[in-house]
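I opened my notebook beside the sequence and the model, and I mean to write down what I looked up, entry by entry.

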Amino acid sequence: MQRTIFTEDHDAFRDAFRTFVDKEIKPYHAQWEIDGIVSRDMWRAAGRQGFLGFMMPEEHGGGGVSDFRYNAIIDEELARAHASGVGFPLHVDLVSGYLLSYANEEQKARWLPAFCSGESIAAIAMTEPGTGSDLQAIATTAIDQGDHYLVNGQKTFISNGILGDLVIVAVKTDPSAGARGVSLIVLERGMEGFERGRNLDKLGLKAQDTAELFFTDVRVPKENLLGEEGNGFVYLMEMLPQERLAISVAAAAACRAVIDLTLEYVKERKAFGRPIGSFQNTRFTLAELETEAQIAQVFVDRSIMELNAGTLTISDAAMGKWWTTEVQKKTVDQCLQLFGGYGFMSEYPISKAYADTRIQTIYGGTTEIMKEIIGRTMGL
């Protein structure tokens with residue numbers, strides 16, 4: 001089906017970002033996978049071209065354009081290029097929403113210019129070794145010391161964890177108050193007692209720096225409290241639909257990229273004297289995957305416009321997240337099967353796609369948590 005949500009301005013933005021990806025990312029991504037981290041220079045180059053702060057106010061170095069279609073274009077083009085190590089989506093899709101919605105004017109003036117330029121890379125730290133989706137159970141504390149908080153605890157599986165300069169941390173400011181005791185505090189690189197653990201060795205997303213963070217008596221000024229004390233859990237719940245939509249966008253785009261990759265292969269690869277694409281099993285498999293990918297894309301596009309209108313519900317975002325990521329997982333698995341033994345070879349992009357895909361049904365809330373959310377909204 002023809003996609004109708006984009007205008008000429010969006011098409012021009014896509015062309016510009018695709019050129020950036022082809023020039024500044026694709027030639028280096030294989031080496032970044034070996035290094036386990038991407039280049040800061042690439043972040044700064046993206047900032048110079050306006051790809052990191054288009055949603056931020058112009059007075060703080062941004063583009064003043066709040067339209068998630070631009071976010072979607074970035075996510076889609078990174079998926080098209082199999083550039084899974086580039087942490088732009090976290091910076092652009094997720095952290096930007098927290099800063100726009102909950103930072104005060106002094107904080108925006110202090111943090112946003114470097115956010116937009118790529119000099120300051122953003123991250124958000126929720127997950128802890130003993131807590132995954134249960135955010136109410138976090139153990140990291142921020143105890144009021146008058147003019148500052150004293151932060152102690154640790155986080156794990158933090159994307160942009162090594163490169164991150166500006167980290168939104170979910171903490172307990174009142175450990176006895178459950179969800180009402182959760183707050184968001186911004187920690188900055190260089191704060192004494194704020195340390196990073198190892199760059200975690202993962203199944204996929206090899207170029208994406210994912211780290212453990214440790215906080216030992218970190219003195220954080222009260223001026224770094226994001227929003228109001230005790231409202232952190234509410235803020236997290238308010239932002240999760242946008243995060244889950246971003247994952248859905250990437251999932252749908254990954255399906256498209258993998259199907260196109262496989263179509264090209266099955267038309268060229270021969271078995272028993274003819275292209276394997278001419279076999280009924282191949283046609284039926286790809287027909288099914290193409291159908292599901294297009295249906296997923298229609299739901300994602302509708303969700304993008306709902307988010308822009310402020311009407312995307314928690315339940316709808318959860319539906320999109322679990323459905324598209326499960327479709328992505330199925331698509332990559334069955335496409336790899338069509339590659340045969342070559343699909344198991346690391347130098348083939350389908351092999352990398354297989355490893356990168358596995359996290360999609362886990363982070364941002366597992367498939368099981370998404371179904372639980374949907375079930376509760378149905379009164380169950």
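I began with a rule: a charge sits over a ring if NZ of Lys or CZ of Arg is within 6 Å of the ring centre and within 35 degrees of the ring normal. Before using the rule, I noted that this is a predicted model, in which local features need pLDDT of at least 70 and side-chain atom pairs count only at pLDDT 80 or more, while totals for chains, interfaces and linings use all residues. I also noted that residues are numbered from 1 along each chain as its sequence is written, and that side-chain values use heavy atoms, with hydrogens and water left out.

**Charges over rings**

I found arginine 14 over the face of phenylalanine 6, at 5.0 Å from the ring centre. I then looked up lysine 371, whose charged end sits over the ring of tryptophan 322, 4.7 Å from its centre.

**Aromatic pairs**

For ring pairs I used Phe, Tyr and Trp (its six-membered ring), with centres within 6.5 Å; planes under 30 degrees apart are stacked, over 60 edge-to-face, and the rest tilted. By this rule I counted 17 aromatic pairs.

Is methionine 42 buried or exposed? With buried meaning under 20% relative accessible area, exposed over 50% and partly exposed in between (1.4 Å probe, protein chains only), methionine 42 is buried because its relative accessible area is 3%. Methionine 42 is found in helix H3 (residues 40-48), and, leaving aside neighbours within four places in sequence, its contacts (heavy atoms within 4.5 Å) include Phe20, Trp32 and Phe88.

Glutamine 208 lies in the loop between strand E6 (194-199) and strand E7 (210-221), and with a relative accessible area of 8% it is buried.

Serine 183, in strand E5 (residues 182-188), counts as buried at 0% relative accessibility. Its side chain makes a polar contact with the side chain of threonine 173 (2.7 Å); such a contact is a pair of N or O atoms within 3.5 Å, where within protein one must be able to donate a hydrogen and the other to accept it, and residues adjacent in sequence count only if both atoms are side-chain atoms.

**Two helices**

The expected span of a helix is 1.5 Å times one less than its number of residues. The 37 residues of helix H7 (residues 232-268) should therefore span 54 Å, and the end C-alpha atoms are 54 Å apart, which agrees. I noted that 26 of the 37 residues of H7 are buried. Helix H8 (residues 280-309) has 30 residues and reaches 44 Å from its first C-alpha to its last, close to the 44 Å expected. Glycine 310 follows H8, and its phi is positive, near 80 degrees.

Conventions: Helices (H or I, at least four residues) and strands (E, at least two) are DSSP runs, numbered from the N terminus.
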